Amino acid sequence: MPTPGLSDAARSQRARYTRDAVLSASPARLLTMLYDRLLLDLNRAESAQLAEDWATASNNLIHAQAIVSELASTLKVEAWNGGAGLFALYTYVSNALMGANTLRDVRRTRESIALLEPLRQTWHEAADLLADAPSRTVVPGGDLGIG
């Protein structure tokens with residue numbers, strides 16, 4: 001969706017900046033970026049649902065589902081004790097988002113936000129701790145159980 005008030009050149013420059021940021025990000029930073037976008041999509045969906053703008057709500061919910069799917073597919077469940085629980089949460093949220101979309105149920109969107117926002121904060125804190133840790137050889141994504 002184009003950003004109102006931006007010229008084509010400005011939009012192109014913004015897209016290039018975003019692409020470069022993603023390509024140069026560490027696995028921990030990529031994870032936090034996914035969570036940030038996921039919560040942005042869910043908050044936009046909630047607002048659209050409240051305004052009964054079902055097309056916008058659907059677009060945001062579908063994008064959120066794609067992010068949850070990506071998070072679930074890259075999760076290394078066996079890498080840590082909480083892996084299976086996190087995978088179950090992703091499955092639950094994915095189903096909730098489908099229901100939020102097909103049933104136009106803002107409660108399910110809000111529930112997903114309530115479940116995922118604390119995780120977003122936790123992943124940001126974990127990524128900050130990794131960034132502050134002394135330099136060492138790191139397996140990409142290994143410390144966060146992602147691949």
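Guide: Let us begin with threonine 32, which lies in helix 2. Helices (H or I, at least four residues) and strands (E, at least two) are DSSP runs, numbered from the N terminus. This is a predicted model, in which local features need pLDDT of at least 70 and side-chain atom pairs count only at pLDDT 80 or more, while totals for chains, interfaces and linings use all residues. Residues are numbered from 1 along each chain as its sequence is written, and side-chain values use heavy atoms, with hydrogens and water left out.

Visitor: Is threonine 32 buried or exposed?

Guide: Buried means under 20% relative accessible area, exposed over 50%, and partly exposed in between, with a 1.4 Å probe and protein chains only. Threonine 32 has a relative accessible area of 2%, so it is buried.

Visitor: What does the side chain of threonine 32 reach, and with which residues is threonine 32 in contact, leaving aside its neighbours within four places in sequence?

Guide: A polar contact is a pair of N or O atoms within 3.5 Å; within protein, one must be able to donate a hydrogen and the other to accept it, and residues adjacent in sequence count only if both atoms are side-chain atoms. Here the side chain reaches the backbone oxygen of arginine 29 at 2.8 Å. Contact in general means heavy atoms within 4.5 Å. With neighbours within four places in sequence set aside, threonine 32 is in contact with Trp123, His124 and Ala127.

Visitor: How many helices and strands has the protein?

Guide: The protein has 5 helices and 0 strands, and along the sequence its pattern reads α-α-α-α-α. Of its 147 residues, 34% count as buried.

Visitor: At what angle do helix 2 and helix 3 pack?

Guide: Axes are lines fitted to C-alpha atoms, for helices over the stretch in contact, and angles run from 0 to 180 degrees between N-to-C directions. Helix 2 and helix 3 (residues 54–74) pack at an angle of about 155°, and their axes are 8 Å apart. Angles under 35 degrees count as roughly parallel, over 145 as roughly antiparallel, 65 to 115 as roughly perpendicular and the rest as oblique. Helix 2 is therefore roughly antiparallel to helix 3. Among the residues making the contact are Leu31, Leu38 and Ala45 of helix 2 and Trp54, Leu61 and Val68 of helix 3.

Visitor: Where is asparagine 43, and how far apart are asparagine 43 and leucine 61 in space?

Guide: Asparagine 43 belongs to helix 2 (residues 27–50). From C-alpha to C-alpha, asparagine 43 and leucine 61 are 9.6 Å apart in space, although 18 residues apart in sequence. Asparagine 43 is partly exposed, with a relative accessible area of 34%.

Visitor: Where is glutamate 52 found, and what is its phi?

Guide: Glutamate 52 is in the loop between helix 2 and helix 3. Its phi is positive, about 60°, although it is not a glycine. Because its relative accessible area is 57%, glutamate 52 is exposed.

Visitor: Which loop holds arginine 104?

Guide: Arginine 104 is placed in the loop between helix 4 (83–102) and helix 5 (106–132). Arginine 104 has a phi near 55°, a positive value in a residue other than glycine. At 48% relative accessibility, arginine 104 counts as partly exposed.
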